[in-house]
Amino acid sequence: MKVAVDPDPSLVYRPDMGPEAAKDRGSFRNYMSGPLLDRVFTTYKLMHTWQTVDFVRRKHAQFGSFSYKRMTVMEAVDMLDALVDESDPDVDFPNSFHAFQTAEGIRKAHPDKDWFHLAGLLHDLGKVLALAGEPQWAVVGDTFPVGCRPQSSVLFWDSTFQDNPDLQDPLYSTELGMYQPHCGLENVLMSWGHDEYMYQMMKFNKFSLPPEAFYIVRFHSFYPWHTGGDYQQLCDEQDLAMLPWVQEFNKFDLYTKSSDLPDVDKLRPYYQGLIDKYCPGVLHW
């Protein structure tokens, strides 16, 4: 049974394109116009109103025991297909195909880095939160730090935060907020969604992937940082060293999506081998 949820704002303006149109990468992540702009804006308005320090801490407490479900990684990949054909109005193929397309794009460009291939498959698996009943604004879309003033590259930053109670707090409404300068993103409380959930899940289940994979999963939707160049005041040297990996991943997350679907049945044995190597068995979600 399909679960009808609103379009994922992080995917809506990543249309599938033919070879010629694909050359114009400016058409990706177009938030200035388009038939779904009102719906996308509403999603971000809800997100930017209710994603507060208190809300995020409550979500960590709610999901931090990872007692929602027990399943393998490949079972989670298959679960993505229940998330909706309707969640992406530009395409009518299962959501899991994007995971394989991203992974295969990385595999082609970086054939010697199997951990990177697996990160491509894993990156959106935190969207199983939507199947746990979480609202779309607490699962998908671009992420940002809570506990400090949003910076200008946060999407719709100037028109969606007016009702966020943290912005009335004398500490949380400052540039540094509750953080120390260059404290490191590891010590920053990010808005709650599929990135943070999956990162925490990987830690809880002790995935044996390198630190770069954890950074990619946790921060791939943190566009204000890896693309906007903001929040440098919170970054330490480790963050700056990891940034190129997140940016490299982003190329495949954004631009590998197409209607030329991979043969998933042929690909499964390879990726199952990577799962068995880095995160085997039945896991806690």
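Modeller: Before we start, buried here means under 20% relative accessible area, and keep in mind that this is a predicted model.

Colleague: Got it. Are arginine 218 and glutamate 196 buried or exposed?

Modeller: Their side chains meet in a salt bridge, at 2.8 Å from N to O. Arginine 218 sits in helix H9 and glutamate 196 in helix H8, so the pair ties together parts that are 22 residues apart in sequence. As for accessibility, both arginine 218 and glutamate 196 are buried.

Colleague: How many salt bridges does the count come to?

Modeller: The arginine 218 to glutamate 196 pair is a salt bridge, and aspartate 124 with lysine 127 is another, at 3.4 Å. The count comes to 11 salt bridges.

Colleague: Take aspartate 124 and lysine 127, then. Why does lysine 127 count as buried?

Modeller: Its partner in the salt bridge is aspartate 124, which counts as buried at 7% relative accessibility. The cut-off for buried is under 20%. Lysine 127 falls under that cut-off because its relative accessibility is 3%.

Colleague: And glutamate 248 with lysine 251: is lysine 251 buried or partly exposed?

Modeller: Those two side chains meet in a salt bridge at 2.7 Å. They are three residues apart in helix H11, so about one helical turn separates them. Glutamate 248 counts as buried at 18%, whereas lysine 251, at 40%, counts as partly exposed.

Colleague: Where does UniProt place the feature "binding site"?

Modeller: Histidine 194 is found in helix H8, and histidine 220 in the loop between H9 and helix H10. The unreviewed UniProt entry places "binding site" at His194 and His220. Although spread over 27 residues of sequence, they cluster in space, with a largest C-alpha distance of 10.2 Å.

Colleague: What joins the side chains of histidine 220 and histidine 194?

Modeller: Both count as buried, because the relative accessible area is 1% for histidine 194 and 2% for histidine 220. Leaving aside close sequence neighbours, the contacts of histidine 194 include His123, Asp124 and His220, and those of histidine 220 include His123, Asp124 and His194. Their side chains are joined by a polar contact of 3.2 Å.

Colleague: Which backbone oxygen does the side chain of histidine 194 reach?

Modeller: Among the residues in contact with histidine 194 are Leu129, Val139 and Val140. At 2.7 Å, its side chain reaches the backbone oxygen of valine 139.

Note on methods
Residues are numbered from 1 along each chain as its sequence is written. This is a predicted model: local features need pLDDT of at least 70, side-chain atom pairs count only at pLDDT 80 or more; totals for chains, interfaces and linings use all residues. Side-chain values use heavy atoms; hydrogens and water are left out. A salt bridge is a side-chain nitrogen of Lys or Arg within 4 Å of a carboxyl oxygen of Asp or Glu. Buried means under 20% relative accessible area, exposed over 50%, partly exposed in between (1.4 Å probe, protein chains only). Helices (H or I, at least four residues) and strands (E, at least two) are DSSP runs, numbered from the N terminus. UniProt positions are given in the numbering used here, feature names are shortened, and annotations may be inferred rather than shown by experiment. Contact means heavy atoms within 4.5 Å. A polar contact is a pair of N or O atoms within 3.5 Å; within protein, one must be able to donate a hydrogen and the other to accept it, and residues adjacent in sequence count only if both atoms are side-chain atoms. Lists of a residue's contacts leave out its neighbours within four places in sequence.
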